[in-house]
Amino acid sequence: MPELPEVERGRGLAQAVAAGRRIERVWCADDPIVFDSVGPQRWRRTLEGKRVEAARRWGKQLWLALDAPPHPLFHFGMTGGFKAPGAAALQLKSGPREDPPAWPPRFVKIRIHLDDGGELAMTDGRRLGRILLRDDPEREPPVSKLGFDPLLAMPSPKRFSELVRARGSNVKSLLLDQSFAAGVGNWIADEVLYQAGIDPRRRASSLTDAEARRIRARLAAIVKRAVGANADDSRYPRTWLFHRRWGKRGDAKTARGEPIEHVTIGGRTTAWAPSVQR
DNA sequence: CTCAGTGTTCAGTG
DNA sequence: TCACTGAACACTGA
């Protein structure tokens, strides 16, 4: 699920459901992994009675700004997400004839009941997500260790180019490095390099200024477009590598007929089109 | 039954 | 310090 656009959709849902509301009651799953050893009783004591001022995000980190600290900070891992009852329209791919919305949802980890009868829940099937408490989320790890957020704070072309060309790793790994660009995940990194026409194995320090600027422009455009589509991938442009990258078929091709290769870079499956990425 | 996986972290190596 | 690799985490779904 979650790269920057999916997390931003979660932020929007939380903002719509919870901002301005008081938290009346909280239910926590008995899951010491996702809750990072903060017990359910402390969660309830911390959250109940507080008012939610806003839902904020940096990279893949998401938190509820309350009227008093500490604030709950969420990371969705591979499979986490926010849910709200009857919020189908705000969620992913909830077409007319999908499964009836189950409530409470499968794999629910926390349920936050609000004073207007609404509810915000987080689910996480594979338990790689985390829910933490932070007094000052923006100035404490993990958020303080993140790099720029491509939606909220893209560096200038000049600055971006300097940043990229100072790094020795391959450009795919660099894009995945959260201390460089916060919120970029595996498919966005591949999409950026495909559209920019850059071989993912290139050393960042070997890129020309023009190539670095091209990467910046594609990163900005792809993130903006995916967020604008509310992370509904059926609305992503047909020409995107995204639609063709899954399932490593030997005969996979892009929409333009370019053969797609799958290789492992930085420990992650990388899909790319060698004929147009140099 | 096997295996990949939209993420992160840590230990070990060079 | 930097860069890289592999394993671990936990579990689903193909």
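Modeller: First, some terms: two strands pair if DSSP finds at least two bridges between them, and strands (E, at least two residues) and helices (H or I, at least four) are DSSP runs numbered from the N terminus. This is a predicted model, where local features need pLDDT of at least 70, side-chain atom pairs count only at pLDDT 80 or more, and totals for chains, interfaces and linings use all residues. Residues are numbered from 1 along each chain as its sequence is written, while chains are lettered from A and ligands numbered from 1 in the order in which they are written.

Now, let's start with one pair: Gln61 has His75, in S4, as its bridge partner. Three bridges tie strand S3 (residues 61–66) to strand S4 (residues 71–75), and the two run antiparallel. Zoom out, and S3 and S4 belong to an open sheet of four strands, ordered S2-S3-S4-S8, with antiparallel pairing. At its edges sit strand S2 (52–58) and strand S8 (130–134), each pairing on one side only. From one strand to the next, the twist averages 20 degrees.

There's a helix on this sheet too: H1 packs there and touches S2 and S3. Contact here means that C-beta atoms, placed from the backbone, lie within 7 Å. The direction of H1 makes about 175 degrees with that of S2; axes are lines fitted to C-alpha atoms, for helices over the stretch in contact, and angles run from 0 to 180 degrees between N-to-C directions.

How values were computed. Contact = placed C-beta atoms within 7 Å.
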